[in-house]
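This briefing is about how protein chains touch one another and how parts of a chain are held together. Please look at the structure first and then read the points below.

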Amino acid sequence: MSDEPLLRVSNLTKYYGSRLGCADVNFELYPGEVLAIVGESGSGKTTLLNTLSANLEPTSGEALYRMRDESWRNIYELSEAERRFLTRTDWGFVHQNPADGLRMTVSAGANVGERLMAVGDRHYGKIRDTALDWLGRVEVAADRIDDQPRSFSGGMRQRLQIARNLVTGPRLVFMDEPTGGLDVSVQARLLDLLRQLVGELGLSAIVVTHDLAVARLLSHRMMVMKGGHVIEAGLTDRVLDDPREPYTQLLVSSILQV
Amino acid sequence: MNAVANYNFAYLDEQTKRMIRRAILKAVAIPGYQVPFSSREMPMPYGWGTGGVQVTASIIGPDDVLKVIDQGADDTTNAVSIRAFFAKVAQVQTTTHTAEASIIQTRHRIPERKLEAGQILVYQVPIPEPLRFLEPRETETRKMHALEEYGLMHVKLYEDIARHGRIATTYAYPVKVEGRYVMDPSPTPKFDNPKMHRSEALQLFGAGREHRIYAVPPHTDVVSLDFEDHPFTIQHFEQPCALCGAEQVYLDEVILDDRGGHMYVCSDTDHCEERREAGHVGVLGMKEAAE
Amino acid sequence: MTALSVRNLAKTFTMHLRGGISLPVVENVTFDINAGECVVLGGPSGAGKSSILKMVYGNYGVDGGEVLIAHDGRQVDLASADPRTVLTLRRDAIGYVSQFLRTVPRVSALDVVAEPLVVRGTDKEEAQRRAGEMLSRLNLPERLWSLPPATFSGGEQQRVNIARGFITHHPVLLLDEPTASLDAANRAVVVGMIAQKKREGVAMLGIFHDEDVRAEVADRIVDVTGFAPKVAA
């Protein structure tokens, strides 16, 4: 792991009018590190994710990001052009519902190739080869490259969404319940794939999930949120094996044992 | 103004024309950029060229000579009606000859004869937004134009190649104007795209239903989008015009009977007539002349 | 040379779901382990052996005390270290062979064992080769190597787990009942592996319920009952 963080978040607070989304969030994320944000619905974890990924403007606080040129920039002070460029090159966002992250009416190949074309690739053959390579890496059969994701199963769609995000070699990927809404067996496959890709590519990731097993398997560190506040944070196995806060103890003890 | 005392010159009131002229000036200043304007109800349905008509009405003067074409022809309903409309409300001289016209309003074609400095080509545009096909949100497409995010345009071309082995888009083929804005050239065949490039004439585009005006000033670069390994090409016709023998022109297929008989003739009727008057004859033209 | 130095560790669980009652587990846990030495925690069930092991590895937080581990020529306190430092220590300085294998879906036994090496930058083929050696040594039939261990028997899973824990060279290794569900032959293999680690200078801290194994591997036994919290008067 590198010695310099990729992201420095300080006092990040988001209010919707007078209603609290999340408050006073502080953390640093290092290259190759996976941070899980857990908590129940309404705990503010999705608000935090959307604010971190610059989809929402914070009420106060800042998030400094180390750009590819090594300069530190507050992501909320980037121009819209810079921010959008960042989000489709150096960042990824994996939505819970693949339809939110894919173009459902264009082929799988074009879904993967879009980011390449957006950054100026103009060679059809090379774009297609790259798309094929990525479909292989996410275990989508090569002969599905010209099919629309509408004809894909939920698990395939999610894997396609991941390929679409990773094709530009992002350094930071946000994931919102990436395995939510999938069958258990499909979840396992996806988790394994994610774990493998994150490891191979040295990605940093921020994963929102309410599933502690997902957090255990994917993340190095986790933050537990409740009522908009981070109530407990630390090494993932420390938080799960030795939960301190009443709410965390409740969460951990609520896992069904199989 | 005796015969039509109830109409203001060129139908629209002066305030409206001023508003549209401002939009046109802005469009000329920012080639390829879609300028919103307050489109008026015209005495014809949307889809009949209300955008083009409003642009023409705002730029036309008593000394102008107007030509109107629809799919290249001067004698189709749409062309005849619009020509008659301006003859009535602006009492301007009309023509079918490209060379004589100062303003040419068009639907779906650019005349074969090279346009000259001083001429204005007014396009009727149904859907001005080239990105709409893949991104239906207008708020988003405006942002994409503002930030020059045009990757999506290539997604469309990619899909063409993936599906058909080549770029199968044959009309409304997207172009980049002066290296900046991506523009829908209206549903003209891609055959006409090269004519837009550095044209000496001013090209104005009016979309009435969509409330947009855009422009390509004379001598502006207009480049059709493509891939390095799938470069832009125009349609190619195997045979010359059956009536006038012209090559390197855009041809329409005309069905002659119910036994599969057909011929290919110039879509630009004025061009075809002028050539025949000058003595050029095609395969079927000879027969016609002989009858 | 002291490889692991535990100083005054204390742990109390607060059970918020049971009215916030406090369960003191241990206090004043203090011992040293030298390189090449295997120390076994002794004492009855519930005395806190497992908790001490988990505090030393960082799975449990501590209420007080230090876990000093030699790393990069310094002594680093794992108990108070930030998560990144703990992860670095786990990568380079301290390993853990847990009692149960946490299986990952779809990953073959061979890759489960090879993974710690791959993560540390060993070439994948080389890592798999060494993983194969470990599994052979532990008598895991080769036909099982390519299968995910989720469906293996307890003994098979434990051997995969041992192979995974022993494949790396950590100067400090924690052993949480690694022989619990093994037959005599495989227990002997593990005893041999521990002896080899000793020769390589690895400091080990373990829990062994099997008295024969304990007698064979332990250089010293630390009786955990001595760390029982004094009942507040």
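The model is predicted. Among the two pairs of chains that touch, chains A and C have the most contacts. Chain B and chain C are not in contact, and their closest C-alpha atoms lie 34 Å apart. Over all chains, a search of the whole structure finds 53 salt bridges.

**Chain A with chain C**

- Chain A contributes 27 residues to this contact, and chain C contributes 23 residues.
- The two chains bury about 2100 Å² between them, and 53% of this area is on carbon and sulfur atoms.
- Three salt bridges are found across the interface of chain A and chain C.
- A salt bridge joins the side chains of A:Asp237 and C:Arg90, with an N to O distance of 2.6 Å.
- Between chain A and chain C there are eight residue pairs in polar contact, counting pairs with both residues at pLDDT 80 or more.
- On the side of chain A that touches chain C, at least two residues each come from helix 7 (184-201), helix 8 (212-218), strand 10 (229-235), helix 9 (236-241) and helix 10 (246-253) of chain A.
- Helix 7 of chain A gives the most to this side, with five residues.
- Sorted by class, the side of chain A that touches chain C has 14 charged, eight nonpolar and five polar residues.

**Chain A with chain B**

- This contact takes 22 residues from chain A and 21 residues from chain B.
- About 1900 Å² is buried between chain A and chain B, with 57% of it on carbon and sulfur atoms.
- In chain A, the residues that lose the most area to chain B are A:Arg84, A:Arg122 and A:Tyr124, which together make up 39% of what that side buries.
- Across the interface of chain A and chain B there are five salt bridges.
- In a salt bridge between B:Glu135 and A:Arg103, the side chains meet at 3.7 Å, N to O.
- The interface of chain A and chain B also has 13 residue pairs in polar contact, with both residues at pLDDT 80 or more.
- Helix 2 (80-89), helix 4 (108-118) and helix 5 (124-137) of chain A each supply at least two residues of the side that touches chain B.
- Helix 4 of chain A provides the largest share of that side, five residues.
- By class, the side of chain A that touches chain B has eight charged, eight nonpolar and six polar residues.
- A network of salt bridges links A:Arg103, A:Glu114, A:Arg164, B:Glu135 and B:Arg137.

**Strand 9 of chain A and its partners**

- Five of the six residues of strand 9 (residues 221-226) of chain A are buried.
- Strand 3 (residues 34-38) of chain A pairs with strand 9 of chain A in the parallel sense, over four bridges.
- In strand 9 of chain A, A:Arg221 stands opposite A:Leu35.
- Strand 10 of chain A pairs with strand 9 of chain A in the antiparallel sense, over six bridges.
- A:Met223 has A:Ala233 in strand 10 of chain A as its bridge partner.
- Strands 9 and 10 of chain A form a hairpin with two residues between them, and A:Gly227 in the turn has a positive phi of about 55°.

**Salt bridges within one chain**

- In chain A, A:Glu4 and A:Arg66 form a salt bridge, with their closest N and O atoms 3.8 Å apart.
- A:Glu4 lies in the segment before strand 1 (7-16) of chain A and A:Arg66 lies in strand 4 (residues 60-66) of chain A, so the pair ties together parts that are 62 residues apart in sequence.
- A:Glu4 is partly exposed at 31% relative accessibility, whereas A:Arg66 is buried at 6%.
- In chain B, the side chains of B:Arg113 and B:Glu274 meet in a salt bridge at 3.5 Å, N to O.
- B:Arg113 is in the loop between strand 4 (103-107) and strand 5 (120-124) of chain B and B:Glu274 is in helix 7 (residues 269-277) of chain B, so this pair ties together parts that are 161 residues apart in sequence.
- B:Arg113 is partly exposed, with a relative accessible area of 33%, and B:Glu274 is partly exposed at 24%.

Technical notes:
Residues numbered from 1 in each chain as written. Chains lettered and ligands numbered in written order. Predicted model: local features only at pLDDT ≥ 70, side-chain atom pairs only at ≥ 80, totals over all residues. Heavy atoms only, no water. Contact = heavy atoms within 4.5 Å. Buried area = accessible area lost by both parts, 1.4 Å probe. Salt bridge = Lys/Arg side-chain N within 4 Å of Asp/Glu carboxyl O. Polar contact = N/O pair within 3.5 Å; in protein donor to acceptor, adjacent residues only side chain to side chain. Nonpolar A, V, L, I, M, F, W, Y, C, P; charged D, E, K, R; others polar. Buried < 20%, exposed > 50% of the residue type's maximum accessible area, 1.4 Å probe, protein only. Pairing = 2+ DSSP bridges.
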